[in-house]
Amino acid sequence: MSETFLSEPIFTVAELPGVLARLAAMSAEADDATLIDGIAALEKLKAVACAVQARFTVAFKASQLETQKAAAAFRREDLGKGIGGQVALARQESPHRGARLVGLADALVNEMPHTLAALTAGDISEWRATLVVRETACLSREDRRVVDARLAGRLGSLSDRGVVAEARRIGYALDAAAVMARSAKAVAERRVTIRPAPETMTVVSALLPAAEGVAVFAALTRAADTRRAAGDARTRGQVMADTLVERLTGQATADQVPVEVQLVMTSTGLLGGDDTPARLTGYGPIPAGTARGLIRGLDDSTRAWLRRLLTDPHTGQLTALDTTRRLFTGLLRRAVVIRDEYCRTPWCGAPIRHLDHPLPVEAGGSTSATNGQGLCEACNYTKQAPGWTSRPGPGGAGDSIDITTPTGHRYTSRPPPLPGAPPPFPRGQPPRAPRPLRIDLFTDHPMALEYAA
């Protein structure tokens, strides 16, 4: 089936937009049985598309490697750099995810033909194929082929958990030492992460060895049971969450935690004049009422300070920081980080680790907010690969940055809008009325609790 598709395609890549348009126009007016048939067929269609994407990705990688090797300025350490980034932009994914997708495609096409065939037939989803590849990553190429062969014809009938269990069982029987080495490597990669959750909440996750994770959970459970037995009115989950915060921060109560928090909001939102959502750096938009509640929650041991963030009244772009209050050096860096919030590469979303010049200094670029961008470490290194260029847009980096990849594809990066910023207006039309300045709130706490606008 795959060979037929590749050698005698029913349509070309150039015709895909038309195919997608016809697919999008399909009517949902049908009886229930037909709708279910359509849902099932479309699920298979997604899987087939993923299989074709994998083959395209492997072909693109091979071509790029040959192009890089043939380049006059080729350096061995640069081989392969930027390939995952280009795939990520094409698939509207983060660069980290793009690199993983390239690895997935490589494994499927070159090492696991039976799993690729199941994906091509629409019998399994891309995620289920990913599970097979993930669970056999520690094995040799030969052993992966054995696992692939033994799972052939069974993947379509297994659940996600079943796929993981079978792949692990077969892999352990083939090479127990490799599986144990992978377990040891996983221990070395223990970490704590944070991600936004709905309703102004966050999820703080700790990836720990099994015994330690169970011990942490048991300790929190015992603390919750003890407090509830003593009459604490909070639920068990609430006590466990609050105890975690208190023990990690050393505070008597969970709502007085001395950490740095940056809160971006309009002056009228701060003073209660409107309900323009604020922005909590590292989380995203939060209701103005919630932001005001954070500020009102400061106890008597803290003082709130204001720092203005100056913005263009027409576009809402951040232009400067008021320097009357200085808690840290490098106000320009702070301004760019607050403006960009996350890595500026489209669809990346990783924390900012590096600040960089879109227009290099050697090419005449200035060190300024109009020629500065916040990037994660991986994207900054990718940007330096041969064939990649980035330039500030006509309105400077605060308005847009134009990115060009080695294949000539262009992408536009824009910073997230600040609270209260006017929506974009068509060129040639007059701007909306000026908006108020942003307000920074700082607290005078020994641990530098900071509410910044």
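Two strands are taken to pair if DSSP finds at least two bridges between them. Helices (H or I, at least four residues) and strands (E, at least two) are DSSP runs, numbered from the N terminus. The model is a predicted one: local features need pLDDT of at least 70, side-chain atom pairs count only at pLDDT 80 or more, and totals for chains, interfaces and linings use all residues. Residues are numbered from 1 along each chain as its sequence is written, and side-chain values use heavy atoms, with hydrogens and water left out.

The chain has 16 helices and 14 strands. Strand β1 (residues 191-197) pairs with strand β2 (residues 201-207). The sense is antiparallel, over seven bridges. In this arrangement R195 stands opposite V203 of β2. Three residues lie between the strands of the hairpin of β1 and β2. There, E199 takes a positive phi near 60°. In a regular strand, side chains alternate between the two faces of the sheet.

The chain mean is 79. Of its residues, 76% reach 70 or more. Among the elements, helix α6 (residues 113-120) has the highest mean pLDDT, 96. Strand β14 (residues 450-451) has the lowest, 32. Over residues 322-329 the pLDDT is below 50. Beyond near neighbours in sequence, that stretch has 14 contacts in the model (contact means heavy atoms within 4.5 Å). Residues 425-453 also stay under 50. For them the model has 116 contacts beyond four places in sequence.

Of the contacts in the chain with a separation of 6 or more, 54% join residues 24 or more positions apart. Accessible areas come from the Shrake-Rupley method with a 1.4 Å probe; for residues, only the protein chains shown count as cover. The chain exposes about 25,800 Å². Carbon and sulfur atoms supply 58% of that area. Residues are classed as buried under 20% relative accessible area, exposed over 50%, and partly exposed in between (1.4 Å probe, protein chains only). Of the 453 residues, 35% count as buried.

Cysteine geometry was tested with a distance rule: a disulfide is a pair of cysteine sulfur atoms within 2.5 Å. The count is zero. C343 is in no disulfide; its nearest cysteine sulfur, that of C379, is 3.7 Å away. C343 is buried, at 6% relative accessibility. C348 is likewise in no disulfide, and the nearest cysteine sulfur, that of C343, is 3.8 Å away. At 15% relative accessibility, C348 is buried.

Aromatic rings of Phe, Tyr and Trp (its six-membered ring) pair if their centres lie within 6.5 Å; planes under 30 degrees apart count as stacked, over 60 as edge-to-face and the rest as tilted. The structure holds one such pair. The ring centres of W347 and Y411 are 6.2 Å apart and their planes stand at 85°, so the pair is edge-to-face. W347 lies in the loop between α15 (331-340) and β8 (354-356), and Y411 in strand β12 (residues 410-413), so the pair ties together parts that are 64 residues apart in sequence. W347 is partly exposed, with a relative accessible area of 39%. Y411 is buried, at 16%.

A lysine was also examined. K383 lies in helix α16 (residues 377-383). K383 is buried, with a relative accessible area of 18%. Leaving aside neighbours within four places in sequence, K383 is in contact with D356, H357, P358, Q373, L375, W388 and S390.

Note on methods
pLDDT = per-residue confidence, 0-100.
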